[in-house]
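Reader: I am new to this structure. Please take me through it in short steps.

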Amino acid sequence: MKHLTDEEIMLQIADGKLDLLTILFNRYHVRIYNFFNKMTHNKMVSEDLTQDVFLKIIKYKASYKNGNFAAWVYTIARNIFSTHYQKTKKQRANEIGDDLLKSDETTVSENREDELDHLQKALQKLKSSERELIVMHRFQEIKYDQIAQIIGSSENAVKVKTHRAIKKLKEIYFQI
């Protein structure tokens, strides 16, 4: 079963084979968690939101229509983040605790960790929509055409917006 594409697995899940969700969970849960963690900067919230994504996959499995699974799941994640962001707009925390990032980079020097912390702080100063584009493209390595599909825009518009967001991030990074 592990040789099946994400789309083939999701179609079988939509037909009721919910046990196959384990395969998609194993393929996507860290990526989705990292997406939320970059957006929220809160490990516990990121874990909860990641769980919500997989609950939504089960809830809306019948609405999946053989499209690009990654784009579909990130659309769900993006909608969940948007709802969370609206609910907690005033309470957003600025704590830094990216354990997964640290575990992926165990040989990171202290100086490099300071740079990553500085980058995280700069990322948090961007608008949510700008941060989202950078996180999806640079950290999640999602292609422009898939991001366009996720956010309902054109590929060229996504490229321009991402370029502008990165330029703004650079300005903020060197100001703080």
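Reader: How many of the 12 residues of H7 are buried?
Author: The model is predicted. In it, H7 is mostly covered. Its buried residues include Ser128, Leu133 and His137. The number of buried residues in H7 is nine.

Reader: Which residue just after H7 takes a positive phi?
Author: H7 covers residues 128-139. Just after H7 comes a residue with a positive phi of about 55°. That residue is Glu141.

Reader: Is Glu130 buried or exposed?
Author: Buried means under 20% relative accessible area. Glu130 has 15% relative accessibility. Glu130 therefore counts as buried.

Reader: Which residue forms a salt bridge with Glu130?
Author: Side chains of opposite charge can pair when their charged atoms come close. For Glu130 and its partner, the closest N and O atoms are 3.2 Å apart. The pair links distant parts of the chain, from helix H7 to helix H9 (residues 155-175), 38 residues apart. The partner, partly exposed at 30% relative accessibility, is Lys168.

Reader: What separates Lys159 and Glu155 along helix H9?
Author: The side chains of Lys159 and Glu155 meet in a salt bridge at 3.7 Å, N to O. Lys159 is partly exposed at 35% relative accessibility, and Glu155 is partly exposed at 36%. The two are four residues apart in helix H9, so their separation is about one helical turn.

Reader: How many salt bridges does a search of the whole structure find?
Author: Arg27 lies in helix H2 (residues 21-40) and Asp6 in helix H1 (residues 6-14), 21 residues apart. Arg27 is partly exposed at 28%, whereas Asp6 is buried at 14%. The search of the whole structure finds four.

Reader: What is the angle between the planes of Phe35 and Tyr74?
Author: The structure holds nine aromatic pairs. In one of them, Phe35 and Tyr74 have 5.8 Å from centre to centre. Phe35 in helix H2 and Tyr74 in helix H4 are 39 residues apart, and both are buried. Their pair is edge-to-face, with an angle of 90°.

Reader: Why is the pair of Phe81 and Tyr85 called tilted?
Author: Both residues lie in helix H4, about one turn apart. Phe81 is buried at 3% relative accessibility, and Tyr85 is buried at 16%. Planes under 30 degrees apart count as stacked and over 60 as edge-to-face. The planes of Phe81 and Tyr85 stand at 35°, so the pair is tilted.

Reader: Which residue lies over the face of Phe139?
Author: Elsewhere, ring pairs link Tyr28, Tyr64, Phe69 and Trp72 into a cluster. At Phe139, a residue lies over the ring face at 4.7 Å from the ring centre. That residue is Lys38.

Reader: How many helices does the protein chain have?
Author: Of the 176 residues in the protein chain, 41% are buried. From the N terminus on, the elements run α-α-α-α-α-α-α-α-α. There are zero strands, and the helix count is nine.

Definitions and conventions: Residues are numbered from 1 along each chain as its sequence is written. This is a predicted model: local features need pLDDT of at least 70, side-chain atom pairs count only at pLDDT 80 or more; totals for chains, interfaces and linings use all residues. Side-chain values use heavy atoms; hydrogens and water are left out. Buried means under 20% relative accessible area, exposed over 50%, partly exposed in between (1.4 Å probe, protein chains only). Rings of Phe, Tyr and Trp (its six-membered ring) pair if their centres lie within 6.5 Å; planes under 30 degrees apart count as stacked, over 60 as edge-to-face and the rest as tilted. A charge sits over a ring if NZ of Lys or CZ of Arg is within 6 Å of the ring centre and within 35 degrees of the ring normal.
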